[in-house]
Amino acid sequence: MNVLVYLTIILFLLMKLVGGEKGTRSFIALFLNAIVLFVTVFFMTVQAINPILITLLASIVISCINLFYINHINLKSITAFFATIITLLFLITLIFVIVPRSMIQGFGIEEIEELTSFTLYVGVNFTTLAICTIIMGAIGAITDTAISISSAMNEIYLRNPLLTCSSLFKSGMNVGRDILGTTTNTLFFAFTGGYLALILWFKDLAYSFGEVVNSKVFSSEIISILCIGTGAILVIPITAWLSAYLLTKYKINLVTNQ
Amino acid sequence: MKLTLNKKTIILSSLVLFFIFISLLFVHNNFNLYKQPIVEITQAIPKDKKESIGLANNEGTISHQRLVGKIKNGPYKDAIILLENTYSSSGAYDHKYQVGDQLFITIQNDKGIELTGNIDYPKRDTFVVVTAWLFMIIVFLIGKKSGLFSIISLIINIFILLFALNRYTELEGASLLLICSGLVVFFTVTSLLLVSGNNEKTYAAILATIIGTFSALLIAYVVMKITAERGLRYEEMAFVTRSPQKIFLASILIGSLGAVMDIAITITSSLYELYDKNNFISLKDLKESGTQIGKDIMGSMTNVLFFAYISGSIPMLLLYLKNGAPLSYALSMNLSLELTRALVGGIGIVLTIPISIYTTTYFIHKRRLSK
């Protein structure tokens, strides 16, 4: 049997064992996300549709899976969902400014040396694709941070229902600060792990520091990971604000209803 | 008191802004640091002729442009140079250049009246620095002190990593896996100490992280041995001059570390929070709460790794598919290593939940016994 099949089965068994019914649901969500991702790539091969539009639609579907399927529909997940969408819009603006100007789309010479039999003129705009790639890379981290903060704020509000909007926002930011360090670590190590081979290769071929920084393979990765990190951190104040606003507004409704 | 604090903030932020400004000015004008000639484009003239290219249903055009630029460094400094550029509408490997772009070139002919040369690649360091500053400013603005600490810990980690890899490439016959294992222990200790301080909670998290990461690696190793690595396509790493298996195992180890650390710190700090609020809480209750928290976070954490790893393969996957490669071939060539990393990371995440519950309750139990 295949390595991937074995690992998938082990992951599934562990998730079921540790997480019970919710663990199984988390595994199914991961599986659904993989399907959404492949369908997205498939749609991108059709030239007539704008890849960014497809990616945005896919991001919405993925956040629905991550937030509503794993956590059910409630104020927590709805807040996290809208915070994710708002963050994505900010992030897209940022990416649109940076990516086309830094010319990091497509492949570096290190990557295409092996692909001599392929044509590179495939009718796909690789600049747009670079933008889509960063959005896709960020969506997991953004929904993760959003749901952590909104559920923590929900707990805080339930214990202290008299908190004002601004002090609730402040506690949300405190929770966010605790998450921030570990999120940046997660992304940094994932990046380093993925590109360990490349770093070693640069070293073996005695690339100078300047050559590494300016090469497309390196700069595109570092710019992507920094954009993803920026998105994963921008979601903190956005969720804290939205959650504080919705929770206190919800309280006002509760009072007027009584 | 408040006034002095504000003054301090103003001084600090203006200092930071000054620093950023200087570094941007520097990186935009650092031509003399490079040996290779750099050209700044002063004129970009499109040629009329456009060629249509492409296979069936892959439309596209190839365009040509003539560029005039000024050399910014080296023996030909301030000389004017003529360059030719060809770019396609898809831009997988080529670029359309504009006035103001800075490019690395190779000078070809200096015999005639005007210099001519070949374009190598655009200068991208300015953008790397701009994005890095943007990231650090946002981390600092939102995270304040803890943001500053996480930036410091990131920078320390980068330097240690580069230093260790340097040593590795210099030493003959050193084991990469062993070096990376040492790195993992070091990264865990420094990052967690910086993030959550020198206390028992941190020790529990450090222990859980190290056990979790290495158990995930062990599972990956055993599975790879049992299946004789069937399904893993190392072609993606064909460029490396070393054994791809060893590099891959080391990359799995480092790649899952961040996520495992995240889980360990979340669970240990929530359990210690519960313990601090109620010192007489039973170990059984602590275990139950820990499992509950673990259930809540494992789904979204596995997703973080999944998307962070897989997304980078999308362009290459599309190139394969557009070139008519069969779906299964394209998927296995481009995704087998990334999927393995994501799966092993996921296994690490799930394993770390019971492990960190165990280490935390162990420390709490020990503390109770000593009282």
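The largest nonpolar core has 169 residues, and those with the most contacts inside it are A:Ile135, A:Met153, B:Ile347 and B:Val350. The largest share of this core, 19 residues, comes from helix H5 (residues 126–159) of chain A. A nonpolar core here is a set of buried Ala, Val, Leu, Ile, Met, Phe, Trp, Tyr and Cys residues joined through C-beta atoms within 7 Å. A residue is buried if 20 or more other C-beta atoms lie within 10 Å of its own, exposed if 12 or fewer, and partly exposed in between, with C-beta atoms placed from the backbone. A second, separate core of 12 residues includes B:Val39, B:Ile41, B:Leu83 and B:Ile119.

The model is predicted: local features need pLDDT of at least 70, side-chain atom pairs count only at pLDDT 80 or more, and totals for chains, interfaces and linings use all residues. Residues are numbered from 1 along each chain as its sequence is written, while chains are lettered from A and ligands numbered from 1 in the order in which they are written.

Leaving aside residues up to four places away in sequence, A:Ile135 touches A:Thr55, A:Ser59, A:Leu88, A:Leu91 and A:Ile92. Contact means that the C-beta atoms of two residues, placed from the backbone, lie within 7 Å.

Chain A has nine helices and zero strands. Helices (H or I, at least four residues) and strands (E, at least two) are DSSP runs, numbered from the N terminus. The C-alpha trace of chain A spans about 70 × 45 × 40 Å along its principal axes. Of the 258 residues in chain A, 54% are buried. Among contacts in chain A between residues at least 6 apart in sequence, 81% join residues at least 24 apart.

Both chains have two assigned domains. The bounds come from an automatic or database domain assignment. In chain A these are domain 1 (1–45) and domain 2 (50–257), with C-alpha centres 20 Å apart. Their contact takes nine residues from domain 1 of chain A and 10 residues from domain 2 of chain A. In chain B they are domain 1 (34–123) and domain 2 (175–370), and 45 Å separate their centres, taken over C-alpha atoms.

The contact between the chains takes 106 residues from chain B and 96 residues from chain A. On the side of chain B that touches chain A, helix H2 (125–170) is among the elements that give two or more residues. H2(B) gives the most to that side, with 21 residues.

Two helix pairs are set out below. Axes are lines fitted to C-alpha atoms, for helices over the stretch in contact, and angles run from 0 to 180 degrees between N-to-C directions.

| Helix pair | Angle | Axis distance |
|---|---|---|
| H1(A) and H4(B) | about 140° | 9 Å |
| H3(B) and H5(B) | about 20° | 10 Å |

Angles under 35 degrees count as roughly parallel, over 145 as roughly antiparallel, 65 to 115 as roughly perpendicular and the rest as oblique. H3(B) is therefore roughly parallel to H5(B), whereas H1(A) and H4(B) are oblique to each other. The contact between H1(A) and H4(B) is made by A:Val3, A:Tyr6, A:Leu7 and A:Ile10 of H1(A) and B:Ile219, B:Val223 and B:Met224 of H4(B). Residues in the contact between H3(B) and H5(B) include B:Leu176 and B:Phe187 of H3(B) and B:Lys246 and B:Ser269 of H5(B).
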